[in-house]
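This report describes selected helix packing and side-chain contacts. The sequence and structure come first, followed by the description.

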Amino acid sequence: MITDVLIIGGGGAGLRAALECKGLDVVIAVKGLLGKSGCTVMAEGGYNAVFNKEDSFKKHFYDTIKGGGFINNPKLVEILVKNAPKELINLEKFGCLFDRRNRFIAQRPFGGQSFPRTCYSGDRTGHEIIRGLLEYINKFERIKILEDVMAIKLIVENNRCYGAIFLDLINNKIFPIFAKATILATGGAGQIYPITSNPIQKTGDGFSLAYEAGAELIDMEMVQFHPTGIVGKGILVTEAVRGEGGRLYNKYKERFMERYDKERMELSTRDVVARAIYKEIIEGRGINGGVYLDISHLPSEIIEKRLETTLRQFLRFGIDIRKEPMIVAPTAHHFMGGLRINERCETSIEGLYACGEVAGGIHGANRLGGNALADTQVFGAIAGRSAKEFAENEKVEKIYIEVEIPNGEENPEIYIDRVKNIMWEKVSIIRNEEGLKKALKEIEKIDLNSVGGNLQKYFELKNMLNTAKLVIKSALYRRESRGAHYREDYPETKEEWRGNIIIKDNKIKFKKLDYDINEYLNRL
């Protein structure tokens with residue numbers, strides 16, 4: 001198969017990228033079913049954008065940089081905050097419906113933000129975005145959708161990408177798609193942990209493919225654990241619950257956030273709230289493996305209107321959140337790290353672009369809730385425009401490469417479970433050198449050559465192993481605590497570590513950030 005632009009991934013970022021490539025032949029290759037297998041459709045809380053006169057780009061910029069532990073790429077953050085409002089208006093043009101109050105777009109408070117700037121559609125914002133994008137994309141005949149296909153190798157020669165090799169998950173056939181430009185929009189890797197809000201497709205495919213092809217990755221130690229997931233299941237309880245006034249209690253009915261962030265309380269940043277909950281649990285103040293999240297003090301009509309999905313979700317478990325508290329605990333949620341991109345979403349490989357969660361540098365050490373959906377639209381659009389411009393001046397070349405096929409006998413799912421458990425026990429919310437070294441040793445013991453059977457599971461295991469190693473090596477390298485990366489053996493945040501860890505071809509380096517934040521604030 002040959003196309004002008006190949007987009008790997010069909011979530012919010014991939015779909016938005018496709019819309020910028022009109023006039024060219026586009027293939028969107030999706031690992032599952034379009035609109036049902038990514039993270040965007042599951043996102044509940046909202047989309048951050050500056051609309052209120054009392055808010056400003058300057059405030060949004062500073063909140064994002066501060067929340068990210070001051071290691072975000074400031075150029076990318078500037079692009080995000082300036083373009084988020086425009087892209088939300090575009091979503092409305094595409095047919096998405098957002099809540100309004102007195103004719104103005106409604107906005108709610110979210111953690112780590114100095115102003116209520118999170119736009120929403122009830123508590124199913126991501127679903128509404130995907131619905132609108134899918135409806136609009138049907139107007140373009142030259143956009144072809146391939147479902148149930150998994151990218152297993154990028155076609156790269158002399159640091160130039162020419163497409164990718166795919167596995168058809170229905171008939172197990174392997175085939176290439178040659179392209180002038182390729183966009184990675186594969187999302188994150190929550191499935192390297194046993195408790196995650198991510199769908200089953202998120203096994204780090206994009207990180208692994210790019211790394212094996214020789215791309216640079218950045219901040220891979222920065223893995224966000226959302227503070228509130230349903231205990232033992234990982235199903236997300238949206239931050240909108242806390243944004244609407246939800247309160248956290250331990251088993252003694254203490255609002256324990258007073259001990260960790262007395263000023264912001266439940267609306268502190270996700271890394272702070274997740275560690276607070278984790279500490280309450282391990283120190284014996286939890287309840288059934290979690291803590292209470294209570295919103296029963298709010299009027300029922302507010303819960304029914306603004307938190308409809310959450311209400312229905314818990315009613316299925318026999319819990320009426322209008323009358324009783326939920327029990328929640330942290331769940332693996334988002335990767336702040338990813339492919340190192342510039343302002344055009346170009347990676348270190350020519351002809352390869354990245355957007356959405358697979359791209360790093362935007363969110364630094366910790367992502368603010370509501371910035372991810374904005375990220376998908378802002379950088380999805382940029383990646384699409386950049387790829388289109390590149391493809392218009394290139395020719396398709398058929399480069400043939402080999403793909404390794406397993407010939408072992410071991411069931412890959414045994415090792416997949418082992419990876420998940422290692423990562424949860426030693427590379428999750430609280431880390432230390434001893435645990436990280438043990439984790440790396442155990443991960444490196446897993447022999448891919450011994451694995452056979454299911455091809456999809458083989459390649460997923462391969463990607464999970466690669467991603468796990470990237471996370472562990474980067475976490476070992478950063479000898480401090482910052483944002484989502486907490487080292488109990490190095491609990492302080494240190495100025496000398498204000499920078500990014502970059503990893504490529506098994507080589508790792510640290511790049512110090514020395515920009516003047518006031519330069520950016522003064523021009524916003």
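In this predicted model, helix 13 is largely enclosed by the rest of the structure, because 18 of its 23 residues are buried. Helix 13 covers residues 455–477 and spans 33 Å from first to last C-alpha, close to the 33 Å expected at 1.5 Å a residue. Its N-terminal end is capped by Asn454, through a side-chain oxygen and the backbone nitrogen of Gln456.

The loop between helix 13 and strand 20 (499–504) contains Arg482. Arg482 has a relative accessible area of 5% and is therefore buried, the cut-off being under 20%. The side chain of Arg482 makes a contact with the backbone oxygen of Gly69 and a polar contact with the side chain of Glu480. Leaving aside residues up to four places away in sequence, Arg482 touches Gly69, Ile71, Met222, Ala365, Thr493, Lys494, Trp497 and Arg498.

The distances for these contacts are listed below.

| From | To | Distance |
|---|---|---|
| Asn454 side-chain oxygen | Gln456 backbone nitrogen | 2.9 Å |
| Arg482 side chain | Gly69 backbone oxygen | 2.6 Å |
| Arg482 side chain | Glu480 side chain | 2.7 Å |

Elsewhere, helix 3 (residues 74–94) and helix 10 (residues 371–391) have axes that come within 8 Å and cross at roughly 90°. The two helices, helix 3 and helix 10, are therefore roughly perpendicular to each other. On the helix 3 side the contact includes Leu76, Ile79, Leu80 and Asn83, and on the helix 10 side it includes Asn371, Ala374, Val378 and Phe379. The residues of this contact between helix 3 and helix 10 comprise 10 nonpolar, 3 polar and 2 charged.

Note on methods: Residues are numbered from 1 along each chain as its sequence is written. This is a predicted model: local features need pLDDT of at least 70, side-chain atom pairs count only at pLDDT 80 or more; totals for chains, interfaces and linings use all residues. Side-chain values use heavy atoms; hydrogens and water are left out. Axes are lines fitted to C-alpha atoms, for helices over the stretch in contact, and angles run from 0 to 180 degrees between N-to-C directions. Helices (H or I, at least four residues) and strands (E, at least two) are DSSP runs, numbered from the N terminus. Angles under 35 degrees count as roughly parallel, over 145 as roughly antiparallel, 65 to 115 as roughly perpendicular and the rest as oblique. Contact means heavy atoms within 4.5 Å. Ala, Val, Leu, Ile, Met, Phe, Trp, Tyr, Cys and Pro count as nonpolar, Asp, Glu, Lys and Arg as charged, and the others, Gly among them, as polar. The expected span of a helix is 1.5 Å times one less than its number of residues. Buried means under 20% relative accessible area, exposed over 50%, partly exposed in between (1.4 Å probe, protein chains only). A polar contact is a pair of N or O atoms within 3.5 Å; within protein, one must be able to donate a hydrogen and the other to accept it, and residues adjacent in sequence count only if both atoms are side-chain atoms.
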